[in-house]
Amino acid sequence: MASVSYQINVQRGWSHCFRFLMVCYFYFYFPSDIFLEVEDNKGTEEYRGYCRDVFHTVIQETLRPLVDAMHNGVSIRCSDGVERLCFPVLCQYIADMEEQVVLASIVKGWCPKCLAPTGELEPQGPRGRISVPPRTDADARNARRNLDPSDLREQGYHVNETFCADYPCGGIIDSLGPDLLHQAAKCFWDHLLEKCIKPLILDYWSDQKKVPERRVLAEIDARFSIMPKYFGLRRFTKGIYNKQHPWMVHEYRAMMKVILGVLAGICPKEGMLLLREYLIINYLSQYPVHNDTSLGWLDGAIDTFWKILRNPKGSFVHLKDNVRFKDSVITETWAPSKLHYFRHYAECVREKGTLTSYSTDRTEIWHKILKAAYNRSNKIPDHVNKFIVTYVSRITAFRIRVSTLEFDVASEDGGSSANGEPDRRSLDSDSGVEEDEMVTMEEFEEDSISTLVSWPKKARKGWPKSANSTESAIGCIGFRAALMKYFLQKARRQPNNTNGEALRSVNELLEILDPTVWVHNCVSLRYSASNPLEKHLSLQSKTDPDCVKEYIRCAGHDSQSRRDCVLVYDGHKSVRTASTMARRKVYQLLMLFQCESITLEGSSIGVGMGREGLALVQEFSVGPKCDANTGMYSLARTEKVEVISIESIERGVHLIPKFGGLLHTLTRIKRVQRDTRDSETGKIMKQSDINAFHHYERFFLNSWSDPHIYNFIW
Ligand SMILES: [Zn+2]
């Protein structure tokens, strides 16, 4: 694109008792092509130096009024009514790697945050990683004033001063930070899958085991295509290698949620461990709250990641021995700058808080207007620049005009949070809230998360029906017996029910009772989105109290219909091992329904007025501990079918079939397609229409499907 836009975020400092935040957006449009057309020295270092000077001078002049305030302060009336003299400091700057390098005026390939030499950003000594001094604005200033150009270049600096050279404190290098979008998310495909994992898999299968490459990739695609559906999970119905055009970042994120389950049995152990460490880094970097323990985990995962990847005896370094991968970039010193940036995550959290805002997701959205302008132009180089400037000026003028209009909007109640309760976060001061905090901590002591259930207004077509007719309609013999058993067990658990012998047997109840049943296709669940890690680390909750809302489906009873799986907390279960799954059960839904409530007290039996939310479920047995390669619990389908209360469901879970070894999936799909082939029309079932729950007995409990379950089940 002809114009370059840079966005500077300027945060204001904070005093001990309040925090004042100011974020400014500045746009600079440099129509560089206009210069380039008349400039024939553009390949020279002098010309590039001149461009850098122009660039920094423009920004410096634009921010001049702020620099005065940085030196002399500016008087601001704060929210507590007191007027204070405040000094703005350039605090946080969000940008991708290329922009960071330009703004910090450092040489491409060097790290903007440390002085590690280019080409060896992760220097290893005999005792592990050698620590490298950080790069700061003060050092940069000293170096530019005292060193000659060749020495400067050895430290990765250009001679050109940055726009913030005369700022009294801080500067652009100090304010640079990670970019989760282009690092944790985008490097997953660009570096990890394409340069490390795919060559490793192909080296193992197509060169050592002589399986053709296309069969290996087809197997991976087949596994993606029959992945069971789940709320919020993208399905790759044609796989990921089948498609020729590049994937987008949100699609990489979707792949990350299932990749370990897909590659189990195909990828050698080393690759699985590397992937796992990468996913751990990705999830930990997105934590909304951190302490030294969690940052220790993050640093540990980064160390392990590099150890596995650059192990001198490991497979990744030896990929080059294979003629096909002789161009492999992985060596004992390989560390691309975007992956090396992980090293600065922990220090960045310690300095400025968690990384949730450190992503160019927030700033790239402003490129939309430029892209829209480019798309609307005739795309001829001579015209496109002018068109973009006119278009953007017009839109900007319109926005300014709209922002000056006065709208009659009812003011919101500032002291309340979304749910109408007083906003506890506003009490974030140093005294007077200790009791509140104690209450909060006690609430967290509960083992199970509380979940709210909402039913749809209408039942499935054809219902309500009696339990008897429902049993024959869904073809599940034993439904009524399971229902009666549920009511009987519930009555036995009632504390006031002393006359246990008087309760009847299931068979007796079957003869007497035939309650009405409303079958539904889905329910919505809400549970707190707060990070369960807080409880584990005994941190005070500072996260947004918003809820996660998800839908769980149980849409029918034929082999095609989607029937989700759920996690249920069982406080009565005897525990042999201490794990997050020790007191939990996993069920697949067979039917979601409401039933007339039944009271069994002593010998009296009654049908109540209300309805009770229930689910007919089939149980999976859970393995005692996580699988060593994937970090997921193993599940096996059992024959046990029962009725549970919908209230006991904690949340939905995604299950990934255990696909087995290479080519198992392709063979299985062919067999299913052959078996289900329509004898009259000869129609073959589409690969992505195959319901994996019908064709697999063993599964993994996907603990990578969203941040909540990652922190919940481990
Ligand atoms: Zn660095």
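Helices (H or I, at least four residues) and strands (E, at least two) are DSSP runs here, numbered from the N terminus.

## Ground rules

This is a predicted model: local features need pLDDT of at least 70, side-chain atom pairs count only at pLDDT 80 or more, and totals for chains, interfaces and linings use all residues. Residues are numbered from 1 along each chain, following the sequence as written.

## A buried loop residue: Ile240

Let's start in the loop between α9 (213-225) and α10 (249-263), where Ile240 sits. Burial is a neighbour count: a residue is buried if 20 or more other C-beta atoms lie within 10 Å of its own, exposed if 12 or fewer, and partly exposed in between, with C-beta atoms placed from the backbone. Ile240 is buried, because 21 other C-beta atoms lie within 10 Å.

Who are its partners? Two residues are in contact if their C-beta atoms, placed from the backbone, lie within 7 Å. With neighbours within four places in sequence left aside, Ile240 is in contact with Asp221, Phe224 and Met255. Phe224 is 16 residues from Ile240 in sequence, and the two C-alpha atoms are 7.5 Å apart.

Helix α17 covers residues 381-404, and its 24 residues should span 34 Å at 1.5 Å a residue; the end C-alpha atoms are 36 Å apart, which agrees. The expected span is 1.5 Å times one less than the number of residues. The number of buried residues in α17 is two of 24, so this helix lies largely in the open.

Helix α16 (residues 368-376) packs against α17 at an angle of about 130°, with the axes 9 Å apart. Axes are lines fitted to C-alpha atoms, for helices over the stretch in contact, and angles run from 0 to 180 degrees between N-to-C directions. That makes α16 oblique to α17, given that angles under 35 degrees count as roughly parallel, over 145 as roughly antiparallel, 65 to 115 as roughly perpendicular and the rest as oblique. On the α16 side the contact is made by Ile369, Leu370, Ala373, Tyr374 and Arg376, and on the α17 side by Val384, Phe387, Ile388, Tyr391, Val392 and Ile395.

## The β5-β8-β9 sheet

Now for the strands, which pair if DSSP finds at least two bridges between them. Three of them form an open sheet in the order β5-β8-β9, with antiparallel pairing. Strands β5 and β9 stand at the edges with a single partner strand each, so one side of each has no neighbour in the sheet. Neighbouring strands of this sheet are turned by 25° against each other on average, direction ignored.

Four bridges join β5 (residues 451-454) to β8 (residues 522-528). Along this pairing, Val453 stands opposite Leu525 and Thr451 stands opposite Tyr527. Between β8 and β9 there are seven bridges, and Cys522 stands opposite Arg553 of β9.

## Lys549 on β9

Strand β9 (residues 547-553) includes Lys549. Is Lys549 buried, exposed or partly exposed? With 13 C-beta neighbours inside 10 Å, Lys549 counts as partly exposed. Beyond its neighbours within four places in sequence, Lys549 is in contact with Ser524 and Arg526. Ala529 lies 20 residues from Lys549 along the chain, with 8.9 Å separating the C-alpha atoms.

## Strands β10 and β14

Strand β10 (residues 565-569) and β14 pair in the antiparallel sense over four bridges, and Val568 stands opposite Ile649 of β14. Strand β14 (residues 649-653) is mostly covered, as four of its five residues are buried.
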